[in-house]
Amino acid sequence: MTLQYPTPSPGLELDVEWHKRAVFYEVMVRSFADSNGDGTGDLQGLISKLDYLQWLGIDALWLPPFFASPLRDGGYDVADYTAVLAEYGTIDDFRELVAKAHERNMRVVIDLVLNHTSDQHAWFQRSRTDPDGPFGDFYVWRDTDAGLPHVRVIFPDAEDSNWAFDSERRQFYFHRFFSHQPDLNYDNPAVHDAIFDVVRFWLETGVDGFRLDAVPYLYASEDGNGESEPPTHEFLKRLRAMLDDEYPGRVMIAEANQWPAETAAFMGTADEPECHMAFDFPVMPRIFHALRSQDARELVEVLEEQTDIPEDAAWGVFLRNHDELSLEMVSEEYRQAMYGWYAYDPRMRINLGIRRRLASLLDNARSEIELAHALLLSLGGSPFLYYGDEIGMGDNIWLDDRDASRTPMQWTPDRNAGFSTADPGKLYLPVVQSLVFNGHHVNVEAQLAQSRSLLHWVRNMLHVRRANAALTLGDLRVLRTDHESVLAFVRRHREVRKDGTVHEHRVLCVFSFAHAPVAVEVQLPGDEGAILHDVFSGAAFPAVSGAGGLSLTLGTQGFYWLTIESAHHD
Ligand code: NOJ
Ligand code: CA
């Protein structure tokens, strides 16, 4: 079935599975490329880099908020949902971005900040000045700050209460995040209508989906903790039904930083679907933990728990993003271990997390960066890369808050690392100048010129992954091994060809987190005698033994992707 989009966006056909095959790239408009030399990245700058992203092998962009905003929370403080921030360009620039991305078969997903607005939003201004007017109940107002006592403070470094007093209305308003971000009142049906209008507005520009910011927090009940409460799920089901009905092929991606079962619940069930994807917050910190503990068992556990999501849903796996590496949903002991390994300087910490980029977290160790990416690109679900991580960009912990890892993209060894022609002092944030990561040597141009650079390596991995349906669409089964440092799983995809024949594709993925070489036996019951080949080179490996065991040796932090062909065909 091929349907055109109901909007004039050129070029894309209906594909209800695209999100299951896509490699996503998170790119902050402000940080990527400055087209007019004012020191701030913009939409035209991003458009000028689409060829680069296409070359890299990116299928979809995720753009954090680029809407009118006082930028007190990187744009997650939205002052007008349907206006583009003037520094970034115009709505026509945005339409052009969508059209030019679509021409390259690349999709565009934008952030939808559902839970709260900026206190500068007209809805809030009207709510505080006119309590009896149409926006009077758009936010959660109380006479005291004693309500909703079980709701946690998410930014404990900045706030010590979820209530703030408004001197105009002379009441308290509820806020989950910064006090300048009042929470919308989802008990008010008019809020639903207003948000549905925003969603339709952007769908009409041709966007391919939304990352739903802070989605567990829409509803809070007096007795509950205000996370993942049932009416929040009901709202998402309604939003999903609207998309399926009016805009098939567009997706919803949940930012739900919750315990594993609660996170999965944001994808709903086959009968009652919610989001098409949810970020894999449960797996992410466990990857970093395994890299230092040299122990894969917690990853094994969490991957084994993770099977039950609807057929058309997919996990969004990631290593880093524009926020701190969150340690909210891990035990205290675990958190302290992570701080010890990765945030030994207190400046590296924020709230319950670590505000560093991938390459600096891993101390710029190429083998670790490769291992982390290899795992990211073979886990079940679709990977999300964070801009700059493909060249191993570093961070700047002397900047405030999460700006540490939102510095300008490093393109060339030139002024401002090629990000902007502005006076360096005018940049929205300085380019990283540290000894190890400064833009003079860590940049796209230099890495393009070196065939063994991280950039070429990442690109090659993306292209190899794309050519293996097992690695994109396959299910995942964890295997037993006799070494605690080794994680092994099989990705398997059953391709039904046009003539009705079924072809099974399988890839065995093996990762060693040990800081020294290891020998391991992997159990492949039912695969006695199966033939293995290296995915990259095609080289033959020893076959699985008659007892279903496979003996492998792996170098320090090594990995394999091996195709499996059964010895017996059924
Ligand atoms: C999650 C976003 O990723 C983060 O950057 C933001 O501060 C909070 N939501 C509040 O909107
Ligand atoms: Ca600019």
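Is Ala359 buried or exposed? At 2% relative accessibility, Ala359 counts as buried. The views below visit this residue and several others in what is a predicted model.

**View 1. Ala359 sits in helix H13, which covers residues 358–361.** With a relative accessibility of 2%, below the 20% limit for a buried residue, Ala359 is counted as buried. Setting aside its neighbours within four places in sequence, Ala359 is in contact with Asn364, Ile369, Gly392, Met393 and Phe437. Take a moment to find Phe437: along the chain it is 78 residues from Ala359, and the two C-alpha atoms are separated by 8.9 Å. Ile369, another of the contacts of Ala359, belongs to helix H14 and is buried there.

**View 2. Helix H14 is largely enclosed by the rest of the structure, because nine of its 11 residues are buried.** The buried residues of H14 are Glu368, Ile369, Glu370, Leu371, Ala372, His373, Ala374, Leu375 and Leu376. H14 spans residues 366–376 and is part of what covers the buried residues of helix H11, the subject of the next view.

**View 3. Helix H11, residues 297–305, has Leu299, Val300, Val302 and Leu303 buried.** What lies over these buried residues?

**View 4. Ligand 1 takes up the space of the largest cavity.** Which residues are around ligand 1? They are Asp73, Tyr76, His116, Phe155, Phe177, Arg211, Asp213, Glu255, His322, Asp323, Arg402 and Arg406. Zoom in on Asp213 to see one of its polar side-chain atoms 2.8 Å from a nitrogen atom of ligand 1. For His322, a polar side-chain atom is 2.8 Å from an oxygen atom of the ligand. Arg402 brings an N or O atom of its side chain to 2.9 Å from an oxygen atom of ligand 1. On its own, ligand 1 exposes 300 Å², and the protein buries 97% of that.

**View 5. His116, one of the residues around ligand 1, is found in the loop between strand S5 (107–113) and helix H6 (122–129).** His116 counts as buried because its relative accessibility is 1%. Beyond residues up to four places away in sequence, His116 touches Tyr76, Tyr81, Phe177, Gln181, Pro182, Asp183, Leu184, Asp213 and Ala214. Look for Tyr76 in particular: its backbone oxygen lies 3.4 Å from a polar atom of the His116 side chain. For a sense of scale, Trp457 is 341 residues from His116 in sequence and 40 Å from it in space, C-alpha to C-alpha.

**View 6. Arg176 lies in the loop between strand S8 (171–174) and helix H7 (189–204).** Why does Arg176 count as buried? The reason is its relative accessibility of 1%. The side chain of Arg176 reaches two backbone oxygens, that of Gly226 at 2.8 Å and that of Tyr217 at 3.0 Å. Apart from its neighbours within four places in sequence, Arg176 has contacts that include Asn115, Val151, Ile154, Asn162 and Asp183. Tyr219, Ala220, Asn225 and Glu227 are also among the residues in contact with Arg176. Asp183 links this view with the previous one, as it is also touched by His116.

**View 7. His192 lies in helix H7.** With 9% relative accessibility, His192 counts as buried. Its side chain makes a polar contact with the side chain of Arg238, at 3.0 Å. Leaving out residues up to four places away in sequence, His192 touches Tyr186, Tyr219, Phe235 and Arg238.

**View 8. Arg170 and Asn416 each have a positive phi, at about 55° for Arg170 and near 50° for Asn416.** Arg170 is in the loop between strand S7 (163–166) and strand S8, and at 56% relative accessibility it counts as exposed. Asn416 is in the loop between strand S16 (382–386) and helix H15 (444–448). At 8% relative accessibility, Asn416 counts as buried.

Key. Residues numbered from 1 in each chain as written. Chains lettered and ligands numbered in written order. Predicted model: local features only at pLDDT ≥ 70, side-chain atom pairs only at ≥ 80, totals over all residues. Heavy atoms only, no water. Helix = DSSP H or I, 4+ residues; strand = E, 2+ residues; numbered from the N terminus. Buried < 20%, exposed > 50% of the residue type's maximum accessible area, 1.4 Å probe, protein only. Contact = heavy atoms within 4.5 Å. Polar contact = N/O pair within 3.5 Å; in protein donor to acceptor, adjacent residues only side chain to side chain. Near = heavy atom within 4 Å. Areas by Shrake-Rupley, 256 points an atom, 1.4 Å probe, with all protein chains shown as cover. 1 Å grid on protein atoms, 1.4 Å probe; cavity = no way out; pocket = protein on both sides within 12 Å on 5 of 7 lines; lining within 4 Å. Sits in = over half its atoms within 2 Å of the grid points.
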